[in-house]
Amino acid sequence: MSTLLPFHKAILERIHDPSTSDLLVLARGLGLRRIIGTLMKIYDSPQSLVLLVNATQEEESEIGEELGIMGCRKPGLRVVGYETGSKDRQELYKKGGLISVTSRILVVDMLQGDIPTHLITGILVMHSERVTPLVLEAFIVRLYREKNKSGFLKAFTDQPEHITSGLSPLKNIMKELQLRKVHIYPRFQEDIKKSLERRRADVVELSQALTEPMQEIHHAIIQCMSSTLSELKRSNTTLDLDDFNVDNAYFRSFDLVVRRQLDPVWHKVGPKTKQLVNDLGTLRRLLYYLLTYDPLQFHAYLETLIASNSTTASGGVKQHQSPWLLTDAANIIFQVAKRRCYIMTSGSKLHPPPVIDLADDEDVWAALDDVENAPTGTSKGRETDARPPWIPGYMEPVLEELPKWNLLAEVLQEAEEEIIRQESMKKSITAVNTGTNTVLVMASSTRTCSVLAEFLSSMDHDAPRGSKGRRMMLRKLRLYLWWKSKLAERKQDGKSHFALPDVVGRAGDGFDKLYGSGDNISEALKKKDREKAERAASRRRVRGGAPAAATAREGKQKAEDRESVMGEIQQEAQSFADFWESHSQGTSDMSLILEDDLTLLDFESGALENEFDTHYGLLVPEQTVLIRAYSDDTDDRMLAEIQPKFIVMFEPNMEFIRRIEVYKSAHPGLAVRVYHMVYGNSCEEHKYLAGIRKEKESFERLIKERGTMLLPLLEERREGAASSDAIIKTISTRIAGGRREINSQLSQVIVDMREFRSTIPSLLHASNILVIPATLTVGDYIITPEICVERKSLSDLRSSFNSGRLYTQCELMSVHYKTPVLLIEFEEDKAFTLDVVSDLTSYAKPIGKYPAKKKQCAPNDQDYTVMLQPKIALLVLSFPRVRIIWSSSPYATAEIFKDLKLNNPEPDPAKAIAIGADDDPEVGAGVNAAAEELLRCLPGISAKNVKHVMSRINTVRELCEMDIFQVQELLGMEPGRLCWEFMHRGEERATKR
Amino acid sequence: MSAPATTNTPVVPPVIPGTGTNIIINPLQRGNLVLDCIRNVGKEFGDIIADYQVGRTTGVLFLSLKYHRLHPEYIHIRIEKLGHSYMLRILLILCDITEHRDAIRELTKVCIINNITVLVAFSFEEAGHYLSTLKQFEHKPPDMIKERVDKDYNAILRTALTSISKVNKTDVETLRTSFGSFANIAKATPDQLRNLPGFGQVKVKNIKNAFDKPVRNNA
């Protein structure tokens with residue numbers, strides 16, 4: 001493991017003391033995980049019980065691994081998830097050591113006394129920026145501090161940007177975590193500066209200009225954004241919309257800002273504003289995709305966008321079109337995006353391709369010219385490449401490439417040369433370890449990574465700039481075309497589920513009419529094919545196999561006109577093979593480069609990695625090019641393991657720069673050269689700079705707040721005091737002389753295990769009510785022996801009305817309890833209303849003539865089933881005994897519960913658990929809630945037999961793999977058939993074709 | 001203005017509550033703006049204990065929170081008068097103030113004690129809509145909110161897959177078109193899923209959790 005830098009040590013020095021509790025705010029990329037790991041190693045001993053809370057699954061495994069590397073192995077960090085049974089958990093807690101627990105489980109264990117809370121040595125809280133009074137972590141801390149005063153609590157965060165909303169955000173977090181000390185370490189802190197700036201990495205900044213069409217699109221998108229923004233401002237004059245500018249709109253958090261401002265009035269804003277807010281998100285995504293997707297993908301995405309914007313889910317023509325789609329700028333986006341891919345000419349098939357009229361539009365055509373001339377200039381063997389037979393005659397492929405691809409190719413070339421140069425010089429000084437010659441390419445997403453890998457592996461080295469990836473692009477184009485034609489077939493069959501809009505159809509454009517859902521499919525298949533192609537491409541012998549593999553599957557699916565297609569495809573595959581044959585027989589120079597080419601590896605997909613091992617075994621690290629996506633602190637270890645000499649940052653990333661700094665300082669002997677690529681004058685550059693600024697500002701704010709913060713006095717919560725408090729509250733002076741017997745028992749509420757996802761248990765506990773977790777079959781909360789509450793948030797309510805689940809639940813509650821209650825809970829900051837439909841009158845109308853009206857006003861009808869009010873009315877009529885509680889927030893819910901408890905006897909947990917549970921053999925077992933929900937939705941599986949099914953199958957996947965007889969055996973004849981047919985429906989159709 | 005009690009004209013002698021197809025309205029409600037919002041059902045005034053009688057056994061009391069703030073005792077008197085009549089007793093609250101929390105809490109408690117179901121409307125239209133639907137649905141079977149069996153394939157698929165958190169309708173479409181059938185979706189590898197447009201790590205993890213993790217542990 002890499003050494004700790006001086007500033008790491010300084011931080012550890014300050015926070016390691018197990019008798020104090022601290023909050024550490026560290027700038028991202030400076031190795032927070034390393035600090036946590038070291039800290040845990042210090043605390044590791046069988047005598048202590050240290051809990052790690054709020055870590056994601058990935059973090060758990062990474063930290064575990066890191067601890068293992070540091071030599072803290074037996075037993076190291078153990079993870080408690082819902083799979084661990086409660087007995088095992090108790091055992092585990094008793095043995096002590098380092099344990100990572102899911103918050104929900106920890107809360108339940110603390111409440112049930114499964115974990116000896118008073119014996120906990122300490123708790124480490126990750127992601128403490130997310131702590132609010134409503135989250136489980138705050139509840140955990142409260143429970144912990146109630147019984148344990150001496151243990152420590154260390155909280156960590158590396159996201160200072162999150163701690164900025166509200167009046168004094170830092171104070172609130174510290175109050176919830178009951179902490180009094182905070183350490184803030186920004187990048188500009190003295191120690192950190194000193195440690196990192198001694199040795200600097202050799203950074204080459206490369207600013208790449210966008211191509212003309214890209215600039216055009218970029219400009220147009222920005223224009224759309226600003227017009228959307230001003231539209232939004234105009235329609236919401238009352239709101240404080242100062243922050244609404246295009247600069248802020250680059251960031252993802254902007255949506256949140258807008259939503260937060262609009263939430264309280266969300267029901268009033270009307271569909272238009274909602275649409276606008278959504279549009280902003282879409283436009284921002286477009287900007288990002290413009291810079292990362294290849295032109296074909298971008299074009300395809302735009303097509304889906306148009307299609308989905310002009311139709312509703314039910315296929316009707318959409319009422320509220322996004323306004324930006326109708327602007328001129330949007331038209332530019334669509335036109336130019338298409339021109340980046342291909343141009344439609346009206347000429348006949350025999351028209352020779354190279355003749356191009358340059359007068360039309362200089363910019364775009366210049367690129368085309370470039371591309372078209374390239375193949376003829378380089379080699380004769382590439383004639384097939386210039387004009388493959390599958391491109392329809394009226395289509396001129398343009399296939400612009402992203403400029404960064406070429407830049408990357410150049411950089412790799414340079415790195416290679418550098419390696420060779422150093423190789424020749426190094427002979428004399430062999431002792432010093434200067435790191436491996438690996439070239440590390442970092443990109444923002446795995447998708448970019450796979451595209452890059454594909455580009456590099458199919459790159460044409462002596463093609464001119466701008467057409468190096470022509471081969472890849474052609475492949476993509478073919479897939480694209482194939483899918484479009486496939487869509488055409490589908491449409492003719494009348495099987496398309498996606499109604500095709502008339503709006504987008506353009507005359508004379510055979511392919512463009514066929515927009516629709518298929519674009520998604522192409523993604524998946526593209527990926528599959530790409531993987532195959534990649535794999536094949538990296539094996540020299542089977543080079544020609546890539547297209548062959550692709551065509552084989554195409555052929556399979558197009559069974560009907562197999563012969564003609566196969567003929568064409570085979571011929572084409574042959575031509576590809578021929579082409580490669582001639583290609584590899586070229587100059588020796590070329591084959592050398594190809595050799596390098598072979599070593600390109602994509603470590604991203606696990607499948608490839610396995611393949612890789614079987615095919616190659618060990619490889620000299622000298623020639624590898626690794627392509628990876630930015631991730632979290634895991635990158636630190638990756639850097640330390642790979643020790644790359646060259647790092648190419650395909651997209652700017654502040655954290656990674658810091659990681660390199662840390663890596664560089666920790667490994668003094670290693671030479672690193674960093675290539676940092678940015679699109680000049682683009683949103684990418686802007687975003688990067690603004691990101692840095694934002695982080696700096698938030699740190700400054702935090703430091704300022706720390707300076708002026710009033711430290712919260714921690715409220716002592718003694719159990720005795722709490723109960724006497726409650727007693728005082730229960731004796732009202734209105735009851736004559738307080739004659740009522742004093743209730744010595746602490747008032748208690750039984751809460752279903754699954755409800756610990758919500759915030760109510762925490763709030764109930766905060767208001768001095770004993771929360772008893774239990775697995776309940778009927779209801780969510782048992783308040784008194786007679787009152788049983790089923791909680792539904794608005795979205796829950798809607799879905800359980802639709803699925804009929806609520807009806808069943810109410811039925812069950814009515815059977816077992818005297819006062820069944822439905823709690824409709826609204827959200828804290830959101831509007832306390834149901835969706836107001838602008839014109840209610842029309843909805844009350846059609847009931848009598850419902851069937852008759854159905855066909856005339858389909859959209860109306862749709863909305864009618866969506867509306868909640870009639871359903872609530874019907875529910876009330878069907879269950880006269882069910883009461884409804886309308887609660888505007890979880891806080892209000894807690895108050896109402898408290899009210900209802902007054903003067904009422906306490907519920908009995910044992911009884912509550914037993915109710916309705918007699919048919920379930922495995923009460924109390926942990927249940928995979930997501931899987932249960934999924935099962936319930938399948939046809940043939942109802943609320944009645946879902947328990948039975950769950951006890952018989954292991955995973956949902958297992959159910960899917962059963963044959964029809966097994967399913968029928970499980971569910972009975974008719975439901976079994978229904979279920980099986982549902983699960984396998986799409987397949988049959990595919991094989992029939 | 002929204003006060004349920006009227007101050008002006010003396011009441012016209014009520015007609016006999018009768019035919020059963022009309023909402024019977026307590027003459028006290030004359031002048032209430034809700035009356036204009038009750039549409040598509042017949043209305044008649046009649047001598048009843050509740051404010052609105054929307055069914056043979058269903059009585060509705062109406063209360064505007066604005067009024068309640070001024071006359072907090074009014075509703076208690078009305079509830080007392082109601083006694084034990086009606087099978088289904090509804091208090092229709094019109095939430096027309098912003099500080100509704102305490103009022104609703106208090107009313108909820110009173111209603112639970114007195115076996116009254118609370119409905120909250122947020123505008124006169126909504127209140128009127130509730131009243132008319134309650135009347136219209138008087139004899140309607142609860143099929144609309146019951147578990148339904150005969151739904152078309154796409155709808156079931158959509159509800160099934162969207163039950164996994166973070167999965168939306170577009171994703172369902174993407175999954176369906178990419179993998180064909182439900183069973184194939186279950187078999188999809190995380191890598192395949194991750195490469196679909198719009199699928200991030202969290203979503204993929206949620207999907208895989210639902211399909212591949214055991215449905216219950218062996219505790």
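Is Arg475(A) buried, partly exposed or exposed? I found Arg475(A) partly exposed, with a relative accessible area of 21%, where buried stands for under 20%, exposed for over 50% and partly exposed for what lies in between, with a 1.4 Å probe and protein chains only.

Before going further I noted that this is a predicted model, in which local features need pLDDT of at least 70 and side-chain atom pairs count only at pLDDT 80 or more, while totals for chains, interfaces and linings use all residues. Residues are numbered from 1 along each chain as its sequence is written, chains are lettered from A and ligands numbered from 1 in the order in which they are written, and side-chain values use heavy atoms, with hydrogens and water left out.

Entry on salt bridges. I took a salt bridge as a side-chain nitrogen of Lys or Arg within 4 Å of a carboxyl oxygen of Asp or Glu, and the structure holds 40 of them over all chains.

I looked up Glu454(A) next, and it forms a salt bridge with Arg475(A), the closest N and O atoms being 3.0 Å apart. Because Glu454(A) lies in helix H18 (residues 446-457) of chain A and Arg475(A) in helix H19 (residues 470-493) of chain A, the pair ties together parts that are 21 residues apart in sequence; helices here are DSSP runs of H or I with at least four residues, and strands are runs of E with at least two, numbered from the N terminus. Glu454(A) is buried, at a relative accessible area of 3%.

I then turned to Glu62(A), which forms a salt bridge with Arg637(A), with 3.1 Å between the closest N and O atoms. Glu62(A) sits in helix H3 (residues 57-69) of chain A and Arg637(A) in helix H25 (residues 634-642) of chain A, so this pair ties together parts that are 575 residues apart in sequence. I recorded Glu62(A) as buried at 15% relative accessible area, and Arg637(A) as buried at 11%.

The side chains of Asp752(A) and Arg754(A) also meet in a salt bridge, at 3.2 Å from N to O. Asp752(A) counts as buried at 3% relative accessibility, whereas Arg754(A), at 29%, counts as partly exposed. I noted as well that salt bridges with shared partners join Arg28(A), Glu161(A), Asp636(A), Glu655(A) and Arg659(A) into one network.

Entry on strands. I saw that strand S3 (residues 77-80) of chain A and strand S4 (residues 97-101) of chain A run parallel and are joined by 4 bridges, where pairing requires that DSSP finds at least two bridges between two strands. Leu77(A) stands opposite Leu98(A) in S4(A).
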